[in-house]
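Please take a moment to look at the model below before reading on.

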Amino acid sequence: MDDVIEIEENALAYIKQRGNVLTVRLSPRHGCCGGSANVAVAEAISPKDPSLFQRYHHQGITLFTDPKLTYQGLKINVEGFWKLRHLYVEGASVLAR
Amino acid sequence: MSMKQDTSSPSTAEGMGLFERFLSVWVALAIVAGILLGQLAPAIPEALSRLEVAQVSIPIAVLIWAMIFPMMAQIDFTSIAGVRRQPKGLTITTAVNWLIKPFSMFAIAWLFFMVIFQPFIPEALASQYLAGAILLGAAPCTAMVFVWSYLTRGDAAYTLVQVALNDLIMLFAFAPIVVFLLGISNIQVPWNTVALSVVLYIVIPLAAGYITRQSLIKKRGAEWYDNVFMKRVGPITPIGLIITLVMLFAFQGEVILNNPLHIVLIAIPLIIQTFLIFFIAYGWAKVWRVPHNIAAPGAMIGASNFFELAVAAAIALFGMQSGAALATVVGVLVEVPLMLALVRIANKTRRHFPADAH
């Protein structure tokens, strides 16, 4: 786990096409009977409030990441096509809110 | 976060607040409150029941949309692009949810309600309970699976994909499965009534959720959507659920007071089905050597149900006073304790599965 977060080649190319910025953050999901949990998501945009994130220059891009997600062996990849093409985070478990 | 070294399991208290851990207690209190309301102030439910348009009760429709919309609004359908990533896990969960679960629910419920419990439940009421069980069996969990996945340290990306895939299948499969199983149970429900309930309680909330999600993310960004919009809208689901239950039992009072034992009788086949479905999916995953962080959420989604949809469909098809509606509510009553038992089983058997897939 040498990398803050590993970024696959295809994902890196996708991020570079969209402005060289990657945000990896936690997205809450609410349960129907109450309760909620967080899933890690990746987006090729800057965060609304960068001060809430750790900032790195990594593999030629600017990476903003939730502190809970660094050095965890996570990998960013890209999948899908056309409107469904999106980044995703490999290696993350569902987390507590 | 990284599951490679972490062998501990999250505590229930971390993943679930007071409300959800004691959901059975709140549901029981809602039942009592509803019965009291129906007995002490019958004018209130009667007045509400008159607010109908095209035989659809407007207060109930609003409550049901309040329950279902927040869940639909958090589904990320772009995740569907990830279906090729964990083919074994998705094959198991899809086959169990759509080819096994509805039919095993029907078979178990039929055996108990129509045969074993025949001396205790009148035939007409037994058919209604069977219908409620069929509705529960045709709707796999949509939102709570994230909490179960957290409690078993499930893979986040896989959980997102399986929820998106199951919701998409549900859109097309729920009505045909329900109509088929009700048909072979000799419970006649007009196709147009089923179609109306699917449009009202699946298609409209799903479309509204999708449009809301897409437009607000475009306008305000995904971070705002998750942390501001969904934070406000998400908790509406359980509130809507409890108010719906109070309303439902305001109408159900006589049935419950005359047959209090029926709640226990309805719970028995539902409990058996929950364990059966969990063990089929979990055992299948073990045979196929699926990693635990895929196997556990894959088994949980089928074991748990989309209660809000089942309750909504039961009310739309059979009415507030129906035995079918009561049966779906018993499903809510037993949900959390049962699923927490399955979480414990999954966590205790982790070592029997291959290392987590990351």
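A residue is called buried if 20 or more other C-beta atoms lie within 10 Å of its own, exposed if 12 or fewer do, and partly exposed in between, with the C-beta atoms placed from the backbone. By this count, buried residues make up 52% of the 358 residues in chain B. This is a predicted model, in which local features need pLDDT of at least 70 and side-chain atom pairs count only at pLDDT 80 or more, while totals for chains, interfaces and linings use all residues. Residues are numbered from 1 along each chain as its sequence is written, and chains are lettered from A and ligands numbered from 1 in the order in which they are written.

Chain B has 16 helices and two strands, where helices (H or I, at least four residues) and strands (E, at least two) are DSSP runs numbered from the N terminus. The radius of gyration of chain B, taken over C-alpha atoms, is 20 Å, close to the 21 Å that the globule rule gives for 358 residues, so chain B is as compact as a globular protein of that length. The globule rule itself is 2.2 Å times the number of residues to the power 0.38. Along its principal axes, the C-alpha trace of chain B spans about 60 × 50 × 40 Å. Two residues are in contact if their C-beta atoms, placed from the backbone, lie within 7 Å; among contacts in chain B between residues at least 6 apart in sequence, 85% join residues at least 24 apart.

Helix 3 (residues 23-40) of chain B has 18 residues and reaches 25 Å from its first C-alpha to its last, close to the 26 Å expected at 1.5 Å a residue, the expected span being 1.5 Å times one less than the number of residues. Its buried residues are Leu23(B), Trp26(B), Val27(B), Ala30(B), Ile31(B), Gly34(B), Ile35(B) and Gly38(B), and what covers them includes helix 2 (18-21), helix 4 (43-49), helix 12 (236-258) and helix 16 (323-348) of chain B. Why does Gly38(B) count as buried? Gly38(B) has 24 other C-beta atoms within 10 Å. Leaving aside its neighbours within four places in sequence, Gly38(B) is in contact with Pro45(B), Phe249(B), Ala250(B), Phe251(B) and Gly253(B).

Helix 15 (residues 307-318) of chain B has 12 residues that should span 16 Å at 1.5 Å a residue, and its end C-alpha atoms are 16 Å apart, which agrees. Helix 15 of chain B is mostly covered, since 12 of its 12 residues are buried. The cover of these buried residues includes helix 5 (58-73), helix 7 (123-137), helix 10 (191-220), helix 12 and helix 16 of chain B. After helix 15 of chain B comes Gly319(B), whose phi is positive, near 100°.

Most residues other than glycine have a negative phi. Asn186(B), however, has a positive phi near 60° although it is a residue other than glycine; Asn186(B) lies in the loop between helix 9 (156-184) and helix 10 of chain B and, with 8 C-beta neighbours inside 10 Å, counts as exposed. In chain A, Tyr71(A) is not a glycine either, and has a positive phi of about 50°. Tyr71(A) is placed in the loop between strand 5 (61-65) and strand 6 of chain A, and is partly exposed, with 14 other C-beta atoms within 10 Å.

Chain A also holds an open sheet, in which three strands follow the order 1-6-7 with mixed pairing; two strands pair if DSSP finds at least two bridges between them. Strand 1 (6-7) and strand 7 (86-90) of chain A stand at the edges with a single partner strand each, so one side of each is left without a neighbour in the sheet. Strand 6 (residues 75-79) and strand 7 of chain A run antiparallel and are joined by five bridges, and Lys75(A) has Glu90(A) in strand 7 of chain A as its bridge partner.

Finally, the two chains meet: 34 residues of chain A are in contact with 50 residues of chain B. Strand 2 (21-30), strand 3 (36-43), strand 7 and strand 8 (95-96) of chain A each supply at least two residues of the side of chain A that touches chain B.
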